[in-house]
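Dear colleague,

I am passing on the structure we spoke about, so that you can look through it yourself. My notes on what was found follow below it.

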Amino acid sequence: MDSKELILRRIRSAAVTPALHKRVPVEKRPASLEAFVERVEDYRATVYRTTRNDIESLLATLCENKQCLTPEQFDFFIFPAQSDKDYSHADLALFDTTITMCAVGIEESGTIVLDSGPDQGRRAITLIPDHHICIIRADQIVATLEEALQRLDPTRPLTFISGPSATSDIELVRVEGVHGPRKLEVILLED
Amino acid sequence: MSGGGIRPSMSFSDAARETLKNRTLRHNLGFATRTICSKREKVVAEIADWEQTRTAGSMLKDEALANLEENLLILEEKVVAAGGKVHWAATATQAVEIVAMIAKSHQVSKVVKVKSITSDEIELNDGLAAQGITALETDLAELICQLADDSPSHILVPAIHKNRDEIRALFEAKLGVRAETSEPAALAEIARTHLRQKFLEAKMAVSGANFAVAETGCIGVVESEGNGRMCLTLPEVLVTIMGIEKVLPKWEDVATLMRLLPRSSTAERMNPYTSIWTGVTPGDGPQEFHLILLDNGRTTVLADAVGRQTLRCIRCSACLNVCPVYQRTGGHAYGSVYPGPIGAILTPQLLGMEHKNANTLPFASSMCGACYEACPVKINIPEVLAYLRGKTAKNPAESSAFRAAFWMMSDHRRFSAALKGRRLGVSIVSGLGLVKGWTDSREMPEVPAESFRTWWSKRGQ
């Protein structure tokens, strides 16, 4: 008998009483942008609130003197950013900053979620450079985790980001910045 | 002590006698557990219906376990449909063999690892080393343990027993670098520099899994540092080892799990990074994915109607932090990568109660019940402890006393009635009193004229 059959036979012979969990739908409520911003800042990320009119000048300031990378599809103009063209991992390490959009924001936990869509790019580009600027539209922010999951496609690679890379491994003291981007800046587009 | 594993080499009381002599350890642990418990209270208080969330968590895990065969088969089908491969490992040895086989098929002699207690359980690093394959731990705490040739002492923060000065000295000795200070930020920077190139060069990674979702086939890894993302994204080949009890039935269940887990483990609203993926995605991340479904004693636990609730565990470590025994003895006294209250019930059940050292673990408790209150999926740890004690008791009088205690404690009406009538309570106490060994280190308390429960209910009227 192979291992699969053995394990499944043992599970069957355990004869666990059937149990059905009644899942209670979570009530939908409008998200509070203020609470979202406060919680993202709690993780020591920086949040900028701006509009389509002003975002390009904000990006110009944030990206000054930096080697910047954007996904292939990116709606805003940043000079002199490069668009991702299958750079090797070693090449990606030469960039200072990556600027992307995101898929969803979650108010309850101050989380942004990337789903590797064309305006976010493959996972490696938001991982290797040390600085990530993530742009989120106000209508992408939902109140709860349940609503976020409803909006997301679970078959895509998803990355839930709550603040910059951190560790509490030494004496449980939180330190920002280990392997992932040590600086996270979130731009909230309010129009 | 290296390599982890779950086989204690001595009894809990002998091991604890040793660890209790270490005053630095007790100081480090006391400080760390106090810090995390007070932070946890704050983020838990933010959830208005925390008790309901705990109930939902326990019920969805029970549902997952009740339909385990079906859930695993659907998961397998979905992973395969998304381009992944699924392997079934009945034992630790089989799981290690599968990882080694995959590494060899790619001529890989070095793998990078995401922190995974399941891989520590099966002693993967030692098993791979025996076949000439080096496994490099990339989580900061696991790296510290690996460099110190030490085993993890906590589920969440495996190097909790070490303070900053000890870690600084270790890095200077083993990595040949000079640390400017002992500040945790400076030490984290050393780890970053040490590992960066290794991530970029790695061909194969090994991870555990915090959950998998049957209906979608996706796997989730929860972490903080970004070493997980590095391992899950950059190498060409990814192997994930997952205990079969980690499967969730539905995608929406991830919401409940993620509301409970970070708050209970790191006392945060959310951990910095959670990666979720399904099979392989062309052009993004590893192009070869293997999922190993591990039994290694779990189906035996599943077959036990009382012990089965242990498999709800989401490895948050909240029960360790609140446990008065763990706070003093530290994790190494448990002789297993699963320490603390959850370890005291999980380790002996995985190994079988005939294991002569593991079967001392259910006695590593004052039965105060703090673990049950902290558990986000409502595992009644004291109930399972009493039950397992009954199985290991050395003589018939002791055994029947523990069985009676379990029978009484497992039902609150019975417990109340016993306390009211005092008859059962008195008979259990005197039953234990007859047993030498118990009374050597314990005072048998006088049974009060009125139980607390009775007093409380009168007071309310």
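Strand E9 of chain A (158–161) is joined by 4 bridges to strand E9 of chain B (residues 273–277), and the two run antiparallel. Within this pairing, A:Phe160 has B:Thr274 of E9(B) as its bridge partner. Please keep in mind that the model is a predicted one.

**The interface as a whole**

In the contact between the two chains, 67 residues of chain A meet 88 residues of chain B, and the area buried between them is about 6,600 Å², with carbon and sulfur atoms giving 58% of that area. The rule finds 12 salt bridges across this interface, and it also finds 35 residue pairs in polar contact there, both residues being at pLDDT 80 or more. The elements of chain A that give two or more residues to the side touching chain B are helices H1 (3–14), H2 (33–42) and H5 (145–151), together with strands E9 (158–161) and E10 (166–167). Of these, H1(A) gives the most, with 9 residues, and the residues on this side of chain A divide into 31 nonpolar, 19 polar and 17 charged. One salt bridge pairs A:Arg12 with B:Glu69, where the closest N and O atoms are 2.4 Å apart.

**Salt bridges**

Over all chains, the count by this rule comes to 35 salt bridges. In chain A, the side chains of A:Arg122 and A:Asp84 meet in one of them, at 2.9 Å from N to O. This pair links distant parts of the chain, since A:Arg122 lies in the loop between strands E6 (111–114) and E7 (131–137) and A:Asp84 in the loop between strand E3 (82–83) and helix H4 (89–92), 38 residues apart; A:Arg122 and A:Asp84 are both buried.

A:Arg182 forms a salt bridge with A:Asp130, also with 2.9 Å between the closest N and O atoms. Because A:Arg182 is in the loop between strands E11 (175–176) and E12 (183–189) of chain A, while A:Asp130 is in the loop between E6 and E7, the pair ties together parts that are 52 residues apart in sequence. A:Arg182 is partly exposed, with a relative accessible area of 30%, and A:Asp130 counts as partly exposed at 24%.

In chain B, the side chains of B:Glu51 and B:Arg54 meet in a salt bridge at 2.9 Å, N to O, and both residues lie in helix H3 (residues 50–66), 3 residues apart, or about one turn of the helix. B:Glu51 is partly exposed, with a relative accessible area of 45%, whereas B:Arg54 counts as buried at 6%. Salt bridges that share partners also join A:Arg44, A:Arg174, A:Glu176 and B:Glu268 into one network.

B:Gln309 is placed in the loop between helices H13 (298–302) and H14 (318–322) of chain B, and it counts as buried because its relative accessible area of 11% is under 20%. The side chain of B:Gln309 reaches the backbone nitrogen of B:Asn380 at 2.9 Å, and a polar atom of that side chain lies 3.2 Å from the backbone oxygen of B:Val306.

Strand E10 of chain B (residues 288–294) is mostly covered, with 6 of its 7 residues buried. E10(B) runs parallel to strand E1 (residues 85–89) over 5 bridges, and it pairs in the parallel sense with strand E7 (residues 237–243) over 7 bridges.

Best regards

Note on methods: Residues are numbered from 1 along each chain as its sequence is written. Chains are lettered from A and ligands numbered from 1 in the order in which they are written. This is a predicted model: local features need pLDDT of at least 70, side-chain atom pairs count only at pLDDT 80 or more; totals for chains, interfaces and linings use all residues. Side-chain values use heavy atoms; hydrogens and water are left out. Contact means heavy atoms within 4.5 Å. Buried area is the accessible area (1.4 Å probe) that two parts lose on being put together, summed over both. A salt bridge is a side-chain nitrogen of Lys or Arg within 4 Å of a carboxyl oxygen of Asp or Glu. A polar contact is a pair of N or O atoms within 3.5 Å; within protein, one must be able to donate a hydrogen and the other to accept it, and residues adjacent in sequence count only if both atoms are side-chain atoms. Ala, Val, Leu, Ile, Met, Phe, Trp, Tyr, Cys and Pro count as nonpolar, Asp, Glu, Lys and Arg as charged, and the others, Gly among them, as polar. Two strands pair if DSSP finds at least two bridges between them. Buried means under 20% relative accessible area, exposed over 50%, partly exposed in between (1.4 Å probe, protein chains only).
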